[in-house]
Structures are given as C-alpha cells and as structure tokens.
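The following note accompanies the coordinates and is arranged as numbered points. Please read it with the model open.

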Amino acid sequence: MTGLPTPALPARAPRFTRFDRVVWAAMAAIIGAIALTIALGDRVGVSIHRAAPQGEARSTSTVLIEFSEPMDRASVAERFSITPEIAGTLAWSGRTLLFRPAQALPPGAAITATLASGARSESGRELLHDVVVRFTVRRPQVAFLAPANATPMNIWMADPAQPDGARQITSSPSGIYDFSISPDGGRIAFSENNTDLGTQDIKILDLDSGALIQATNCLDAACTNPVWRPDGSTIAYERVEFNSDLAQQGVGVSPTRIWLRDLTSLPVQTRPLFSDPQLLGHTPQWSADGQRIAMYDVSMGAILVYDLQDDSLTAVPSRAGSSGALSPDGRLLVFPEIVLQEDASAHSYLRMADLDSNSITFLSDAPQEIDDARAVWRPDGQVLAVARRDLTTRGYQIALLDPFSGSMRWLTDDPRYTNMFFSWDAAGEQLVLHRFPELDESGALNMNGQPEIWTLDVASGALTLVARNAFLPRWVP
C-alpha cells in the first residue's frame, strides 16, 4: 500500500541574538559613514592639529600651524597673513607651517596670524574654515646666577618691571657653573657642578614643561659654557679632559676644546668641532645665521673663525685672549688688541676684521689714554655697545659706538660702578648689565660691594636695578 506523502514543515524564522543585532548595527553604521564620506567629498575638509602660540608669547616666538595631512604649500602661503604686518619667512617642517619673524616682536604688541579657508591639501581637500592665531608679546625677562657670595648658586629669573617677584628656576644642590638661553627663549642650557667627581655636565631645562634632560656625559671632564646655535639645533660648548686614568703616565689635564652637541638626532651625537686635535678654542660664539663660529685658540694666539658651509678656517691674530664680537651676518669681527706703549704700559684697543676681504680697521688706537675691554653688536649689526675706560676713572663705562662712522656716545657715566659683562635684548632696545660698585657714595673703595644686575634703556638712558648679589645676566625673550 502506497503511503501518503509527508506534509512539509513550515520554514522556521531565523533567530537573532542580541550580539547579532549589535554586529549588524555596527556594520550598518560603517556603511552609512562610508556613504556619507563619499557623498560629502571635499566637504569633509582638512583638519588642524595645532595652531600656536595662543594667549601670551615671547618676542622670538614662531607662529606654527600643523595640518592633518600634507598640504599644497603654495595654496597655503597665498592665504597666510599677519597683523600688524611683520617681515618674516615661511618655512615647512613636514606638515607644519612655520612663520619666523625677521626681527624680535615688540613687547606688548597684539599679533593676529590668519590662514584663510580654501588652502588645499596634496589630495585636493580644502581647509573649510579660517585658522586664527592670536597672542600678545610679553616683556623680556632677565635670568641670572645667585647668590654671588655663597653656594650653591642657582638660576633665577625676574621681570625688570617687577624685580621683587624674582623666582628660582633651578634647584641644584651642587650649584650651577654657567648657562645660556635658547634663541626662542623656551629652554635653558646650563653647566652643573658635580661636587663628588669635581666635574661639570651640561643639562637642558624646558621652561614651559619643566622637563630636564642631560645633554653631555662628562665623567672625567669639565663641560661648560654652552652656546646655542641661532636655530636652536646645536649647542657648542667647552670641554676639558682631566685624563685621570693617565695621570701616572705623566698625562695632565687637556687644553680647552670646542665640542658640538646635536639636539636633533637620536641617538645623541656629541663630537669635537675639529677633527684635528691641535686646533684648540674657548669662548665660542655663532653668527646670527649659524653658518660661522668663532673662538680663541691659545696655542695660535689668534681668533679662529670656522665657516661650516665651505669648511674654511680664518685666523685673526690677537694677544688679548678674547674671541671678540662676531657681527650678526658673520662678515665682521670686532676684537680687543693689547698694545704696548713707549712707557711700557699696556692698553687694549679695538680692531675690526673684515673676514671677506682679510682687512683690519682700527676702531681705537694709541696713543689714546683709553682701554676698550669688550664689544657687543646690536642685533641689527649697525652699532656696538663697548666697555671703555678713559684711565681717569677706575671702572669701565658703556658707550655706543658706530664702527663705520666712528661716532660715539656714552650710555653710563657713574664713576662708582664698573660695567663689564652686558648683552642686548632681542629687539636691540635694552642692555642688561653686570655692574660692580667699586666705590661707595663718598668715593672711597667699597670693601663690602656685591655685584648687581641692571637693565639700561638705550634710547632714554634709564637704568633699572633688577637684583643684588647676582651675576652673569642673560635675556629671556
């Protein structure tokens, strides 16, 4: 008997778990986002990762705008503007636009940098909104070492307008030997004493973050006098090897040589400036473009000027032991020279060497009854601040000297003080001075004098006391 066919069972509806629903929802969202991106196209636009500075900035600050992707640089440049109008250069570091002012920004100025919308990326996407950077330029600060008559000495910083608010920047238990400020004012390189080993090492302090790194590892050496290259990429410093492990073989302490510490490379790179060990040097200084570096070589009795572009070396004979003052463009070198008079007395007079033509001009000469001990170029390279003594007074006064016309005017005239160490602010409007009161108010020798830090407004002649019992002042832009 043939059986009847078995009726088909109805199809069972699929069952979705909660996990399945979450997965399908996520997939739908992704598909939707892709579709929206395709629909919007260029309307998504280029995004900005960072735009700085904002709020308050230093007089040497660089304006930067970091993009999310590589940009068509020409389209960015044509849409960038700065108010008030400021001369400067546009540069790039990867995806970051940099505007570097040609001169220091005036303190108190309100600056607005704008990048208008429409700038394109290399892929063709556009910047959809204006990017605006607004900041006010702060007054320059002064950093110095204190206390001068006790240990440990540390770095302090003060606003010349509010000297009572000076604050301690470092807290070294062994003390700071010397220091310098980075060109952008954001870092301090300092040489710290190691009292256990009798050595010095260079460290770098970030003034914004407080981060501290060790720049050298001088286990049996003194590494001192760090000097920043103007672009902030390299530090030149003095290094003396103690050669302790060779002392029994009659090898003594080495003469001073110049070393370089590259701050842009990893792993860390530090090396002698010269591969020839016979070339010595101390008191290094850079030209403003960072292409030339000058130092004094004791063994040669000359100032050496090394050109990093063509690897040339120029020697300028001098008996004064100073590396002089290299002009901002690196072409001229003003230096003191010792001249013996007929009465066997020695006086220091200024010379100016033209490094391109290999010629020397006498800025001051015998038989004048003067001593010129130090000269510093104003940042514009037009005039010099000079420490001069006319031999009728004990101390050195500061004069403003035009080396091209020979015209001069005194900036200080207080016979109680000697003024030796000084430097210009970034704008070339003020000097910071290390002064010492050699005489008291009655004109007698000041047996209890302490070094003082002052600022001098060159236009008005106004002097402002910043700190007592302090020395080695440096501007912090």
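Predicted model: local features only at pLDDT ≥ 70, side-chain atom pairs only at ≥ 80, totals over all residues.

1. Strand β22, covering residues 302–307, pairs with β23 in the antiparallel sense, and five bridges link the two.

2. This pair belongs to an open sheet of four strands, ordered β20-β21-β22-β23 with antiparallel pairing. The edges are held by β20 (282–286) and β23 (313–317); each has a single partner strand, so one side of each lacks a neighbour in the sheet. From one strand to the next, the twist averages 20 degrees.

3. A further open sheet, also of four strands, runs in the order β2-β8-β7-β4, and its pairing is mixed. Here β2 (55–57) and β4 are the edge strands, again with a single partner strand each, so one side of each is left without a neighbour in the sheet. Neighbouring strands are turned by 30 degrees against each other on average, direction ignored.

4. Within that sheet, β2 and β8 run parallel and are joined by three bridges. A57 has V137 in β8 as its bridge partner.

5. The largest nonpolar core comprises 23 residues, and those with the most contacts inside it are F67, F80, L115 and F135. Two or more residues come from each of β3 (63–67), β4 (80–83), β6 (96–101), β7 (110–115) and β8 (131–137). The strand that gives the most is β8, with four residues. In general terms, nonpolar side chains of soluble globular proteins tend to be buried together.

6. Beyond its neighbours within four places in sequence, F67 is in contact with V46, S47, I48, H49, V76, W92, R95, L97 and L115. Of these contacts, L115 is also listed with F67 among the core residues that have the most contacts inside the core.

7. Another core lies apart from the largest one; this core has 14 residues, including V383, I398, L431 and L433.

8. The second largest pocket has a volume of about 170 Å³. Its lining consists of R187, I204, D206, A211, I213, R261, D262, L263, T264, S265, L266 and V268. The elements giving two or more residues to this lining are β14 (199–206) and β18 (257–262).

Note on methods:
Residues numbered from 1 in each chain as written. Heavy atoms only, no water. Core = buried A, V, L, I, M, F, W, Y, C linked by side-chain atoms within 4.5 Å. Buried < 20%, exposed > 50% of the residue type's maximum accessible area, 1.4 Å probe, protein only. Contact = heavy atoms within 4.5 Å. Pairing = 2+ DSSP bridges. Axes fitted to C-alpha atoms, helices over the stretch in contact; angles between N-to-C directions. 1 Å grid on protein atoms, 1.4 Å probe; cavity = no way out; pocket = protein on both sides within 12 Å on 5 of 7 lines; lining within 4 Å. Points joined across faces, edges and corners; volume = space filled by probe spheres on them.
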